[in-house]
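Colleague: I am new to reading structures and would like to go through one with you, step by step. Could we begin once it is on the screen?

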Amino acid sequence: PVQPHAAPPSRHRTAARAAYVLAGNDRGRLTVAAPQLYPHMWSWDAAFIAIGLARLSTARALTELETLLAAQWRTGMVPHIVFTEGEVGYEPGPQRWACRDITADAPDGPATSGLIQPPVHGVAVRRILDAARTASAAERRDVAERIRALWPALLAWHRYLATRRDPAGRGLLTIYHGWESGLDNSPRWDAAYAAVTPDPEFVPFRRADLHALGALGGAASQRPSDAEYAKYQWLVEELRRAGYDDARAHRTLSFRMADVLTSALFVAANEELATVADELGLPGVDELIGYADRFRRGVVETADERGFAADVDLRTGDTVRTQTIAGFAPLLSGGLDPARQRLLLATLTSADWCGHPGFVHAVPPSTSPSSPDFDPVRYWRGPQWPPMTWLMIWGLERSGEQETALALREAALDQLSDGLFAEYYQPFTGEPLGARPQSWTAAVALDLLA
Ligand code: 2M8
């Protein structure tokens with residue numbers, strides 16, 4: 001007999017495959033972002049992975065966050081990469097960062113990078129606690145205890161961001177590198193990168209990413225260009241020369257952007273953690289709500305008359321308006337007046353975005369196909385990224401926009417039903433691009449299918 005609410009069998013298969021992918025990328029206490037291209041732990045990947053793992057095992061999901069937070073710096077910074085020992089297939093590797101040789105702020109444990117990534121970890125903590133709701137009393141107790149143990153690290157991370165990454169208190173987080181945004185080569189950063197000039201003496205290192213992608217059958221046209229990479233590498237060098245010191249970085253780095261999407265995610269993470277604190281009787285509720293309020297104001301202040309948000313170049317003071325997915329940041333932070341909220345939603349579903357008639361799946365592209373900067377295959381300049389779709393669905397559901405959320409969810413599930421869990425997708429052909437299987441893609445699939 002057909003069960004009216006049972007998911008179609010192909011969805012069960014997709015979920016099973018996603019779980020299999022995460023198990024395959026599991027190295028015990030961490031999940032590598034993608035075995036060939038990214039054989040280490042990445043900070044915001046780990047958060048998405050924990051969100052997916054929470055559907056399988058709250059204990060294993062917590063382990064992921066514990067591993068990441070064990071690599072926290074003395075400043076409270078959570079590094080964007082935690083290196084797995086013995087893996088040499090990624091550049092820049094631990095020798096290039098040399099964090100421990102350069103600053104006493106770096107941790108004694110595993111080697112790390114010296115940058116950050118968007119702080120979605122609070123969202124993951126909330127999801128793990130939610131997943132435990134239907135678990136046994138013993139599991140619920142264990143989850144609560146482990147979150148309690150992580151709490152000082154989580155608070156220190158948010159305090160680091162709110163102070164050292166927003167010293168002027170404007171409610172926007174500063175990034176020192178496009179890598180910090182997670183949207184590495186997004187057109188958002190083109191103007192800023194135009195002013196980054198590597199020292200002529202500086203010798204760029206090998207493009208290990210192209211080598212790894214080539215082995216997977218992918219083309220260089222799917223990754224950032226060599227010219228972009230030379231600048232990425234040079235900024236790492238500048239950061240080393242600044243001793244990984246935030247005060248010096250704010251003064252000396254040739255890339256300093258106020259990142260509106262990271263800031264909106266910070267708002268959401270603060271709100272989520274505040275509810276966790278409330279539920280578990282943990283300290284810091286007022287502080288977290290204070291951060292959420294301050295950064296929500298910061299995000300909304302950048303929005304235009306249609307609610308579309310922008311980044312700010314802190315070196316020039318320019319507001320940088322680009323047709324990228326970051327414009328939808330207010331859907332994650334909240335705070336728009338109802339009229340602009342409606343306009344922003346209409347933009348999201350319009351032909352300039354998800355509703356483009358040529359798209360195979362109506363999910364948001366990283367850059368609008370109407371933008372002159374759009375490139376359907378090149379990384380963050382056009383392709384659709386499943387974790388971004390997940391964030392939009394999550395933000396919409398959370399703010400009560402159920403109808404749009406549901407349509408996105410269905411489109412996302414269709415895209416993910418190829419079972420390949422690619423890093424990103426060509427919007428017009430549906431072609432899987434980049435690394436595969438990519439852990440965070442499998443993780444968000446698992447969560448959406450649950
Ligand atoms: C990509 O970034 C790394 C650098 O951090 C790279 O290209 O080598 C981005 O997509 C980033 O958002 C992601 O966290 C990382 C690992 O999946 O890969």
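Colleague: What percentage of the contacts in the protein chain with a separation of 6 or more comes from residues 24 or more positions apart?

Modeller: Before answering, note that this is a predicted model, in which local features need pLDDT of at least 70 and side-chain atom pairs count only at pLDDT 80 or more, while totals for chains, interfaces and linings use all residues. Residues are numbered from 1 along each chain as its sequence is written. Two residues are in contact if their C-beta atoms, placed from the backbone, lie within 7 Å. Among the contacts in the protein chain with a separation of 6 or more, the share from residues 24 or more positions apart is 71%.

Colleague: Which radius of gyration does the protein chain have, and why does it agree with a compact globule?

Modeller: The radius is taken over C-alpha atoms, and the globule rule is 2.2 Å times the number of residues to the power 0.38. The C-alpha atoms fill a box of roughly 70 × 50 × 50 Å along the principal axes. Because a compact globule of 450 residues would have a radius of gyration near 22 Å, the value for the protein chain agrees with it, at 20 Å.

Colleague: What percentage of the residues of the protein chain count as buried?

Modeller: A residue is buried if 20 or more other C-beta atoms lie within 10 Å of its own, exposed if 12 or fewer, and partly exposed in between, with C-beta atoms placed from the backbone. Of the 450 residues of the protein chain, the buried share is 53%.

Colleague: Which residues is A443 in contact with, leaving aside its neighbours within four places in sequence?

Modeller: A443 is one of the residues that touch the most other members of that core. Once the neighbours within four places are left aside, the contacts of A443 are L22, F48, I49, I51, G52 and L53.

Colleague: What is the bridge partner of L173 in β4?

Modeller: Strand β4 covers residues 257-259, and β3 pairs with it in the antiparallel sense over three bridges. In β4, the partner of L173 is D259.

Colleague: Which residues surround the ligand, and how many of them are charged?

Modeller: A residue is near a molecule if its C-beta atom, placed from the backbone, lies within 6 Å of it, and the ligand is surrounded by A33, Y38, W42, W44, D45, H80, Q117, W179, G182, D184 and D209. Ala, Val, Leu, Ile, Met, Phe, Trp, Tyr, Cys and Pro count as nonpolar, Asp, Glu, Lys and Arg as charged, and the others, Gly among them, as polar. By class, the shell has five nonpolar and three polar residues, and the number of charged ones is three.

Colleague: Is I116 buried or exposed?

Modeller: I116 lies in the loop between α5 and α6, where it touches S43, M77, V78, H80 and E180, not counting residues up to four places away in sequence. Because I116 has 27 C-beta neighbours inside 10 Å, it counts as buried.

Colleague: And is G109 buried or exposed?

Modeller: G109 is also found in the loop between α5 and α6 (121-131), and, leaving aside neighbours within four places in sequence, it is in contact with A70 and A71. Because G109 has 12 other C-beta atoms within 10 Å, it is exposed.

Colleague: Which residue does a cis peptide bond join to E91?

Modeller: Omega of this bond is about -5 degrees.

How values were computed: Two strands pair if DSSP finds at least two bridges between them. Helices (H or I, at least four residues) and strands (E, at least two) are DSSP runs, numbered from the N terminus. A nonpolar core is a set of buried Ala, Val, Leu, Ile, Met, Phe, Trp, Tyr and Cys residues joined through C-beta atoms within 7 Å.
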